[in-house]
Amino acid sequence: MPWQSALNNLDYFYLMFTQTDVYELLQNYTKKQVTPLFEHFKSITEDWSRVPSSHTDQYNQVNAIRFACSTGVKECQNLTTGWYRQWMDQPNHNPIHPNLRSTVYCSAIATGGAEEWDFGWQMLPENATIAIEADKLMSSLACAKDHVLLKRYLEYTLDASMIRKQDATSIIVDIAGNPDGQTLAWDFVRKNWAHMFTE
């Protein structure tokens, strides 16, 4: 519970400080704090080979991976990229545990490039029948760092044949929550406000 509470509040600080000189200091500080938690879960899951037994540990494992990867813990990024690559190699068999999918998708897409993003996009129709899985993929595509990919995704929200109207707002909000997408989302909303308002 303390970790969950801390991370919920840190998300707000990240949102406020992303465009300031404080951001790098915040990243370094939180990376130092979360690394032991990441190592703890590596240990109790026997090098990520099993799921923790208690529900609170299962939730906290998600916290550990999400924050370790987002603060730049290289071992975490390699782990999530490896899992995602296994799925890319066998699209009909997703080896990523359902608890970890949102976090792993987001980290792998953020760390990767167009290939990882395009794969996630291609898998959306495959998962459209399972709303929760489709939502995980849609929000994870907003984690990209590449401005070209984020701009493309924003443009898709204007086309109902690409993104359903009811999903467009959440995608724009997700991109705005990404430090690399904040300015892009703001510029996009201002530019397309008339269309968005009428639609």
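**Exercise 1. Which residues in α8 meet which residues in α9? Work out the geometry of this packing as well.**

*Solution.* The model is predicted, so local features are given only at pLDDT of at least 70 and side-chain atom pairs only at pLDDT 80 or more, whereas totals for chains, interfaces and linings use all residues. Residues are numbered from 1 along each chain as its sequence is written, and side-chain values use heavy atoms, with hydrogens and water left out.

Step 1. Locate the elements: helices are DSSP runs of H or I with at least four residues, numbered from the N terminus; helix α8 covers residues 147-156 and helix α9 residues 165-176.

Step 2. List the contact, which means heavy atoms within 4.5 Å: L150, Y153 and L154 of α8 meet I171, I172 and I175 of α9. By class, these residues divide into six nonpolar, no polar and no charged, where Ala, Val, Leu, Ile, Met, Phe, Trp, Tyr, Cys and Pro count as nonpolar, Asp, Glu, Lys and Arg as charged, and the others, Gly among them, as polar.

Step 3. Describe the packing: two packed helices are described by the angle between their axes and the distance between the axes. Axes are lines fitted to C-alpha atoms, for helices over the stretch in contact, and angles run from 0 to 180 degrees between N-to-C directions. For α8 and α9 the angle is about 160° and the axes are 9 Å apart, and the two helices are therefore roughly antiparallel (angles over 145 degrees; under 35 would be roughly parallel, 65 to 115 roughly perpendicular and the rest oblique). Their crossing is left-handed, that is, the near helix is turned anticlockwise from the far one by less than a right angle, clockwise being right-handed.

**Exercise 2. Describe how α5 and α7 pack, and list the residues that make the contact.**

*Solution.* Step 1. The axes of helix α5 (residues 101-111) and helix α7 (residues 131-141) come within 8 Å and cross at roughly 30°; α5 and α7 are therefore roughly parallel to each other, and their crossing is right-handed.

Step 2. On the α5 side the contact is made by R101, S102, Y105, C106 and I109, and on the α7 side by E133, K136, L137, S140 and L141. The classes here are five nonpolar, two polar and three charged residues.

**Exercise 3. Which kind of aromatic pair do W117 and Y156 form, and which parts of the chain does the pair link?**

*Solution.* Step 1. Rings of Phe, Tyr and Trp (its six-membered ring) pair if their centres lie within 6.5 Å, and planes under 30 degrees apart count as stacked, over 60 as edge-to-face and the rest as tilted. The structure holds 16 such pairs; in the pair of W117 and Y156 the centres are 6.3 Å apart and the planes stand at 50°, so this pair is tilted.

Step 2. W117 lies in helix α6 (residues 114-127) and Y156 in helix α8, 39 residues apart, and the pair links distant parts of the chain.

Step 3. W121 and Y156 also form a tilted pair, at 4.8 Å centre to centre with 40° between the planes. Because W121 lies in helix α6 and Y156 in helix α8, this pair ties together parts that are 35 residues apart in sequence.

Step 4. Consider burial (under 20% relative accessible area is buried, over 50% exposed and in between partly exposed, with a 1.4 Å probe and protein chains only): W117 is buried, W121 counts as buried at 19% relative accessibility, and Y156 is buried with a relative accessible area of 16%.
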